[in-house]
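Subject: Structure handover

Hello,

Here is the structure I promised to pass on. Please open it first, then read my notes below.

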Amino acid sequence: MSNHASEVIRGERFEFGANWRRFLDSLTPERVAKAERSLSEMLGWEDLRGKRFLDVGSGSGLFSLAAYRLGARVHSFDFDPQSVACTSSLRGKFSANDDRWQVEVGSALDATFLGRLGSFDVVYAWGVLHHTGDMWRALANMVSLVAPGGRLFLAIYNHQPLWTPPITLLKRIYVASPRPVKFVLAAGSMAFHATGGFVKDLLRFKNPLSRYRNYDRLRGMSWWHDQLDWVGGYPFETATPEEITSFYEQRGFRVERLALCRPGSSGCNQFVFLKEPADG
Ligand SMILES: C[S@@+](CC[C@H](N)C(=O)[O-])C[C@H]1O[C@@H](n2cnc3c(N)ncnc32)[C@H](O)[C@@H]1O
């Protein structure tokens, strides 16, 4: 049995891939276009022609597809076989299994596996390394994957001293629970977030439904699937923006772009780092 399967059976890991499989049913050309735009805007490149792109923890495969359509040579991997199946199905559907796009099972914690991948112009690990079970080791493993002059694009959950411990406990309980309890926890969490959003929008005189209609505006994702990912996404770790930036500054990177979540939010901070070229 794979490490992934035994962690799921022991109630220590969320099955991200099963959630991604359901998300792919709702994938539209508009969502793919939004994913492409979010990638090129954050990276500051109009297209990725001639670039080598590594998608670490590719999930649904949407961002591998976006990078492929922007012209990159793409290598995708994920620890969850169902995520790999999702990414492979997008590769089959949209690239006719072109060898400019490779997909495989692998772990961001497996130094031997990573060592044979080589280096890349873009390493993309969006919402992944905090779910590995050893975030700081996974963050360190990204360093040698980025070619000099290349970019590292990360999203990492924001640390909140008050909220991180109970949120971690909620996710831990979710993954260890039988299906009916999971259902109650997911419904409760969605109701909590939906009610909070509704009240905030009313107080700001905004239409409370527009946040759901426009949810996919930024990355092409869906509110429903992101909510499930949020309540169940375990293993789970967090970091402050300062911890992440100083970690990479000490390892020869500099910040190119930051998109920080609202203070006090339990969302992700996004970082694009540039690895200093070899000659300084
Ligand atoms: C929240 S999803 C993000 C997916 C995708 N990067 C995106 O932006 O939509 C996290 C993904 O990380 C994967 N993952 C967790 N641990 C991993 C590891 N050690 N190595 C590679 N992928 C991992 C999960 O299987 C899941 O598909």
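Along its principal axes, the C-alpha trace spans about 50 × 45 × 40 Å.

Two points before you go on. This is a predicted model: local features need pLDDT of at least 70, side-chain atom pairs count only at pLDDT 80 or more, and totals for chains, interfaces and linings use all residues. Residues are numbered from 1 along each chain as its sequence is written.

**Overall make-up**

The protein chain holds 12 helices and 7 strands. These are DSSP runs numbered from the N terminus (helices: H or I, at least four residues; strands: E, at least two). Of the 280 residues, 38% count as buried. Buried means 20 or more other C-beta atoms within 10 Å of a residue's own, exposed means 12 or fewer, and partly exposed is in between, with C-beta atoms placed from the backbone. Among contacts with a separation of 6 or more, 71% join residues 24 or more positions apart. A contact needs C-beta atoms, placed from the backbone, within 7 Å.

**Helices α3 and α4**

The axes of α3 (residues 29–43) and α4 (residues 62–69) come within 9 Å and cross at roughly 75°. Axes are lines fitted to C-alpha atoms, for helices over the stretch in contact, and angles run from 0 to 180 degrees between N-to-C directions. So α3 is roughly perpendicular to α4 (65 to 115 degrees). From α3, the contact uses V32, A35, E36 and L39; from α4, L62, F63, L65, A66, A67 and R69. These residues divide into 8 nonpolar, no polar and 2 charged. Here Ala, Val, Leu, Ile, Met, Phe, Trp, Tyr, Cys and Pro count as nonpolar, Asp, Glu, Lys and Arg as charged, and the others, Gly among them, as polar.

**The ligand**

The ligand is surrounded by 21 residues, and the closest are F16, G57, G59, F79 and D80. To qualify, a residue's C-beta atom, placed from the backbone, must lie within 6 Å. The shell has 8 nonpolar, 10 polar and 3 charged residues.

**Two exposed residues**

T195 lies in helix α9 (residues 179–203). T195 is exposed, with 11 other C-beta atoms within 10 Å. A96 lies in the loop between α5 (81–95) and β3 (101–105). A96 is exposed too, with 8 such atoms within 10 Å.

Best wishes

Methods. Parallel < 35°, antiparallel > 145°, perpendicular 65-115°, else oblique. Contact = placed C-beta atoms within 7 Å.
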